[in-house]
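Dear colleague,

Here is the structure for your files. My notes follow below it.

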Amino acid sequence: MSTIRILPDRVANQIAAGEVIERPAAVVKELVENSLDAGATRIEVEFRNGGRAYIRVEDNGSGMTRDDALLSLERHATSKIAEAADLDRLATFGFRGEALPSIASVSRFELQTRPASDDAGTEILVNGGKFVHVRDCGRPAGTRLVVAQLFNSVPARRKFLKSDATESAHIIHCVRLYALACPQAAFTLIEDGRVIFRSPECPTTAERVAEIFGRQIAESLLTIEAMEADLRLRGLVGRSGVGRATRHEMITFVNRRPVDSRTLSYALIESYHEAIPKGRYPLAFLFLEIDPAAIDVNVHPAKREVRFRDETRVRAFVIRSVLERLRESAGAAAVGPTLEQPQEGRLGVGAPPDPAAGPTPAESRIAAPFPVYRSPVFANPPQAPAVHLAPTVPSAAAQRQGEGKNPRIGWRYVGLAHGIYALFETEAGLVLLDRRSAHERVWYERLRRQFAAGQVATQRLLLPVPVELDAISTALLLDRLAFLNGHGFEIVEFGRNFFRVEGVPEWMDPADAESFLRDVLGALREGLLAARNLDLARDELARLASVKAVRMPDGTSEAEMDALVSQLFSCQQPLTNPAGRPTCIELSHGELARRFQK
Ligand code: ADP
Ligand code: MG
C-alpha cells in the first residue's frame, strides 16, 4: 500500500540540486550570479581539484543580515521576484531561490556575510543539508561562500564528474563568461593557488576580451553596435577571414546572461557565410539586449538557454547588423592598407559559393523563414540532397579501363562545374567529384603515412610567429607540446601564456601557422587529439592538417583531374573525405533514365 507524503526539504533540495547543480562549474555560476546580483564590483573565485574539493566565491556586494542569510537557505527564498509577472521585467540573473539550498544540500557549505550597515557579520554552516551552526563573525562588508566536498553525500553524482582538468576548464570558462558580461566588476580567478586571471574593472568589453583572451585575439575583432526598435546588439565580431575550427569562441549573451542560443548561433554562422570557409566558425562576443518580456529564460534548469518570442525578427536583425559591419570594414580595407586582410588567404573571402545554399547571397535569404536554413553545422550527418544521390562505390564497370579515359579507373573528364565539382563520364553513368574533398582525402592519407614513419620535415620560419593564449589553452598546449614538436612543429614557450612558432611542417603555408595552432587547441579542448594512444592522436592531427594542407590548384586540365582521380583511388578510403563526407557521387544510367522518365 503506497502512502503519499510531502518530501522533507532536505530530500527536495537534493533532487533540485540534481537539476541545477550538475557539476562544480554550476556552483560557481550560481554563486557568481548571486554576487553580481548583489551589486558586487569585486569578485574573487578560488577552487581546488576541479572544484570538487573546494570552491570559494567572495564579493564586496550588499551582504545579508542574519535573518536574510538564514532565509536565503530556505527553498524558494528569493529577494528578486515576488510574483510570476516579475519574470517579464527581470533584471537579475537569479529568480528561483533554489541555488543556495540546493548547493547546501550536497556539500559542506559555509556562508559568511555582512551588510555595510551592520557591525557584526553572520556565519552559517550547513553540512550535506544538515544545519550545523549560526554565529557572529567578523568580516568586511559583502559575502563569502565556501563550498567544500561537493557531492560527497551523493556518490551517484560524483561518479558522473569528469577529470579535474575537464571540470576546471568548465569553471574557468564560466568565470570568463561572467567577466565578459560584467566588465565593470573586477574578477580574480585562482586555481590550486595559481592565479588564472586577474582582471581589474574594464571600461569596455573590448578591454575585457584583451585581458582574458589575449590582445592578439582582441586585435582580430571588430566592434559592433546596432539598434532597431527594442533590439540592441553590441560586442565584438571576427574580421572577415578569421575563423575557428570549433564554436568555442562564439560567445553570446542575452540581456547580459551568457546563453547558448540556436537562433544567435545560426545568425552568426549565416552572417559569415561568405566571409569564412565552410565548416569553420566565426569568432564573436555578442551581446543582445531585448525587452525581457520578449524572451523566456525559464526554459532550462540552469538558464543556459533562452527562447525568443519572435525568433525570425531577432535572427534577421543580427544577420543584418553583422553583415553591415563586415561590409563596412571591407570598404575601409579597400581605401587603404589596414589589418582587414583575410587571414586565411586562400580560403578567405574568395571562397567559392556554397552550392548547397544556392546562388543567393546570404543577405537575400534573411527573409526566409527560420526552418529553411540548413546549416552545415546543425544539420546532422551530411544529408544527401533532395535528389538522393547516395554516394556509391563507382561500379565495377566504371573501374574497368576505357579508351581516352583515366587509365586507372576508366573515367573521362568532362569539365569542372562552379569550380567545385568535376564531372566524369563513366561506363556506369556519370560521376561528380568534389575536388576539395578529394584533395583532403589524398592529403590525409599522405600525412598519416608521414606521421607514422616519423618523417615530417620542418621548415624554419624567417619570422617566428608569436601566439598569445589564455590559461586553458596554455595548459593544453604545454601538455601536447612534445607531440606537436615531434610532428613538424617547432613551438617554444617564452613567457606566461606566450609561445613562439619557430618552425612549421613543410606542407604548411607559414601564414597559416597561427590559425592552425588554434585549430589544434580547439580540438584539444574537445578532447580530440588528447588521446594517449599516439596513433589516434596522429590520425586526428592528420585530419585537421588535411584541410589546411590542400592548395587548390588553379589548373583544371584533364591531366590534372586524372592525376587527382588516380591519387584518390590509391587511397585506402577514397569515397569519403577525412570528415566522412562523400568525395564523389555516382549517377548510374538507370538513375538517369529513371529521372528523365525514359
Ligand atoms: P536567487 O538568486 O534565485 O534569488 P539563491 O538561492 O541563489 O536564489 O539566493 C537566495 C537569496 O540569497 C537571493 O535572492 C539573495 O537575496 C541572497 N543572496 C545570495 N547570495 C548573495 C550574495 N552573494 N550577496 C547578497 N545576497 C545574496
Ligand atoms: Mg541565485
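Phe424 has a relative accessibility of 0%, so it counts as buried, the cut-off being under 20%. The model is a predicted one, and this applies to every value below. Trp411 is buried as well, because its relative accessibility is also 0%. Of the aromatic pairs in the structure, which number 9, Trp411 and Phe424 make one; it is tilted, with 5.2 Å from centre to centre and 50° between the planes. Trp411 is in the loop between α11 and β16 (412-417), while Phe424 is in strand β17 (residues 421-426), and the pair links distant parts of the chain, 13 residues apart. Both residues also belong to an aromatic cluster, which consists of Trp411, Tyr413, Phe424 and Phe569.

A second pair is formed by Phe489 and Phe516. Is it stacked or edge-to-face? It is stacked, because the planes are at 5°, and the ring centres are 5.8 Å apart. Phe489 sits in the loop between α13 (471-485) and β20 (490-493), and Phe516 belongs to helix α14 (residues 513-525), so the pair ties together parts of the chain 27 residues apart in sequence. Phe489 and Phe516 are both buried.

Phe516 also takes part in a helix packing. Helix α14 packs against helix α15 (residues 534-549) at an angle of about 145°, and the axes are 11 Å apart. The crossing of α14 and α15 is right-handed. On the α14 side the residues that meet α15 are Ser515, Phe516, Asp519, Val520 and Ala523; on the α15 side they are Leu541, Leu544, Ala545 and Lys548.

The charged end of Arg480 is over the ring of Phe483, at 4.7 Å from its centre. Arg234 lies over the face of Phe287, and the distance to the ring centre is 4.6 Å.

Next, the backbone. Most residues other than glycine have a negative phi. Gln149 has a positive phi, near 50°. Gln149 is located in the loop between β6 (142-148) and α5 (155-159). With 38% relative accessibility it counts as partly exposed, because that value falls between the limits of 20% and 50%. Gln597 is not a glycine either, and its phi is positive at about 55°. This residue is in the segment after α17 (589-595). Is Gln597 buried or exposed? Its relative accessibility is 73%, so it counts as exposed.

Glu22 is in the loop between α1 (9-20) and α2 (24-37). Its relative accessibility of 35% makes it partly exposed. Arg158 is 136 residues from Glu22 along the chain, yet their C-alpha atoms are separated by 9.6 Å. Val297 is in the loop between β14 (295-296) and β15 (307-308). Val297 counts as buried, because its relative accessibility is 11%.

As for the protein as a whole, it has 17 helices and 22 strands. Among its 598 residues, 50% count as buried. Of the contacts between residues at least 6 apart in sequence, 69% join residues at least 24 apart.

Last, the confidence. The mean pLDDT of the protein is 81, and 83% of the residues reach 70 or more. Where is confidence lowest, and where is it highest? It is lowest in helix α11 (residues 396-399), with a mean of 43, and highest in strand β2 (residues 54-59), at 98. Residues 335-404 have a pLDDT below 50, and this stretch makes 117 contacts in the model beyond near neighbours in sequence. Where pLDDT is low, the predicted coordinates should not be read in detail.

Regards

Definitions and conventions
Residues are numbered from 1 along each chain as its sequence is written. Chains are lettered from A and ligands numbered from 1 in the order in which they are written. This is a predicted model: local features need pLDDT of at least 70, side-chain atom pairs count only at pLDDT 80 or more; totals for chains, interfaces and linings use all residues. Side-chain values use heavy atoms; hydrogens and water are left out. pLDDT is the predictor's confidence in each residue, from 0 to 100. Helices (H or I, at least four residues) and strands (E, at least two) are DSSP runs, numbered from the N terminus. Contact means heavy atoms within 4.5 Å. Buried means under 20% relative accessible area, exposed over 50%, partly exposed in between (1.4 Å probe, protein chains only). Rings of Phe, Tyr and Trp (its six-membered ring) pair if their centres lie within 6.5 Å; planes under 30 degrees apart count as stacked, over 60 as edge-to-face and the rest as tilted. A charge sits over a ring if NZ of Lys or CZ of Arg is within 6 Å of the ring centre and within 35 degrees of the ring normal. Axes are lines fitted to C-alpha atoms, for helices over the stretch in contact, and angles run from 0 to 180 degrees between N-to-C directions. A crossing is left-handed if the near helix is turned anticlockwise from the far one by less than a right angle, and right-handed if clockwise.
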